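Hi,

Here is the structure for you to look over.

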Amino acid sequence: LVQVGESEDGFFVSIRTRTPDSQPVLDFLVGLRVHFLTALGRCVDFNVTCHPTEVGEFIVNFTPVACMQRIKVPKGEGAMGLDFDFQNPETSERFTEKRLPVASVDCSHGKGNVLAASDEYWQMALDGRPMLERLYDF
């Protein structure tokens, strides 16, 4: 278990194995997914990635993430000054309130590879670990 943000749900589970497709690993991951869906319902999604290492092992990361909702806001108040924003339905926090260059943890953003769509977002991405902590907490 790797704690990333300050919030108790700002974490991911990391597994190091030579056989990421083995039945025990798959059973564990499916069991985690079922547990979270049972406890939280459909407001949770999951980002699962698998990365090879140079020594023949694989690192599997399992991250529960909130299902962001796209919401309409007055023009100029949304993402990049547009008329929409992304809201975490559990906390009601909006993307534009969190000083984040992206709205969710995904296969790229969750490991720090952030596609910044503007100079402002580029500067936010350069915050490094503090930005990742804010992203996992969102």
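This is a predicted model: local features need pLDDT of at least 70, side-chain atom pairs count only at pLDDT 80 or more; totals for chains, interfaces and linings use all residues.

A charge sits over a ring if NZ of Lys or CZ of Arg is within 6 Å of the ring centre and within 35 degrees of the ring normal. Arg-70 does this with Phe-84, lying over the ring face at 3.8 Å from the centre.

Residues are numbered from 1 along each chain as its sequence is written, and side-chain values use heavy atoms, leaving out hydrogens and water.

Now the ring pairs. Rings of Phe, Tyr and Trp (its six-membered ring) pair if their centres lie within 6.5 Å; planes under 30 degrees apart count as stacked, over 60 as edge-to-face and the rest as tilted. The count by this rule is seven aromatic pairs. One is Phe-11 with Phe-36: centres 6.2 Å apart, planes at 35°, so tilted. Phe-11 is in strand β2 (residues 11-17) and Phe-36 in helix α1 (residues 23-40), so the pair ties together parts 25 residues apart in sequence. Helices (H or I, at least four residues) and strands (E, at least two) are DSSP runs, numbered from the N terminus. Both Phe-11 and Phe-36 are buried. Buried means under 20% relative accessible area, exposed over 50%, partly exposed in between (1.4 Å probe, protein chains only). Ring pairs also link Phe-11, Phe-36, Phe-46 and Phe-62 into a cluster.

Last, Arg-94. It sits in the loop between β6 (84-87) and α2 (119-125). Arg-94 counts as buried, at 19% relative accessibility.

Best wishes
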